Amino acid sequence: MDFEPYRRELLAHCYRMLGTPDEAEDVVQETYLRAFRAYDRFEGRSSLRSWLYRIATNACLTALEQRGRRPLPSGLGAPASDPDAPPVPAEPGDRWPRPIPDALVTPSSADPAEIAVARDGVRLALIAGLQLLPPRQRAVLILREVLAFPAAEVAELLGTSVAAVKSMLQRARATLDAGGSEVEEPTEPEQRELLNRYMNAFTNSDLAALEQILRDDAVIEPVPSRSWFAGKATCVAFLRHVMGEPGEWHMTPTRANGQPAAATWYRGEPFGVAVLTLGKGGIARITVFGFPDLVERFAGTDPANRTITPG
């Protein structure tokens, strides 16, 4: 039996559950191993797709029992009040989500509707919100709201009742609704322009240019750190400490979690990936994942390969 046609969507599902691409890929591999070993017992009472989702979801739940949640800094407390103070360092037990390249979860189909749905399902705000939920609530929300599985099928998949599924879904929705409203996105050309202006501002160490494209309600989350910053004035004050001199930052455009992103080098060394949440009027959120190993995954290792189109 060929399971490969389901790999991309199963990877996206496991990523939503676990919050990191590497762990998601490991669980997909585990799912396939379990499926191959158990296929002779597959009786066809459900579709092959549903059966694979059952295996993958339960593998994710087992992993979450061992590893716990992965919040962003904004899920750990209030924003920092002093942008001039050093960011609060991560604690030894902190576990952070990581971005996923669009290429891993976007369908190979050129259908714009399918691509839009795939991107919406891995938005960074969604992934961060899911980390606030207990594992089974997380699974119910993903299966019902993102994948549109019927309540009865979700109940069977999780070995529970329809009433329990409805109750968990209601609690999960309430938790996510308390986290804030979605930002209305600009058009694709506007997104490209904002990304280019962001990259140019850092490359040229032009804080005034960066300030122009930040919304008044902008947020910056530097990971790994427990500090985060809210409001344009506070964000600009924080950025003043990190902009550096012209030419110290180099960036190349990419896409992560269905959003524009920039793979980043600092003084010629891989630094990480910045994921931009864009809204009408500019940049609403900058989530900076300061993990150097991400650069190779998103853009290779040579900063000379960067591509910046003037905005």
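Val-219 lies opposite Arg-285 of strand 6. The model is a predicted one. Leu-276 faces Ile-286 of strand 6, and Leu-278 has Ile-283 as its bridge partner. Strands 5 and 6 form a hairpin with two residues between them. Gly-281 in this hairpin adopts a positive phi near 100°. Seven of the eight residues of strand 6 (residues 282-289) are buried, so the rest of the structure largely encloses this strand.

Salt bridges number 23 in the model. One of them joins the side chains of Glu-221 and Arg-285, with an N to O distance of 2.6 Å. Glu-221 belongs to strand 1 and Arg-285 to strand 6, and the two are 64 residues apart. Glu-221 is buried, at 1% relative accessibility, whereas Arg-285 is partly exposed at 26%.

A second salt bridge pairs Arg-98 with Asp-293 at 2.7 Å, N to O. Arg-98 sits in the loop between helix 3 (48-67) and helix 4 (102-105), and Asp-293 in helix 13 (residues 293-299), so the contact ties together parts that are 195 residues apart in sequence. Arg-98 is partly exposed at 22% relative accessibility. Asp-293 is partly exposed at 46%.

Arg-173 and Glu-145 form another salt bridge, their closest N and O atoms lying 2.6 Å apart. This pair links helix 9 (residues 162-177), which holds Arg-173, to helix 7 (residues 135-146), which holds Glu-145. Relative accessibility is 37% for Arg-173, which is partly exposed. Glu-145 is likewise partly exposed, at 42%. Elsewhere, a network of salt bridges links Glu-23, Arg-67, Arg-70 and Arg-95.

Zero disulfides are found in the whole structure. The cysteine sulfur nearest to that of Cys-14 belongs to Cys-60, 3.7 Å away; a disulfide requires sulfur atoms within 2.5 Å, so Cys-14 is in none. Cys-14 is buried, at 0% relative accessible area. Cys-235 is also buried, at 0%.

Note on methods
Residues numbered from 1 in each chain as written. Predicted model: local features only at pLDDT ≥ 70, side-chain atom pairs only at ≥ 80, totals over all residues. Heavy atoms only, no water. Buried < 20%, exposed > 50% of the residue type's maximum accessible area, 1.4 Å probe, protein only. Helix = DSSP H or I, 4+ residues; strand = E, 2+ residues; numbered from the N terminus. Pairing = 2+ DSSP bridges. Salt bridge = Lys/Arg side-chain N within 4 Å of Asp/Glu carboxyl O.
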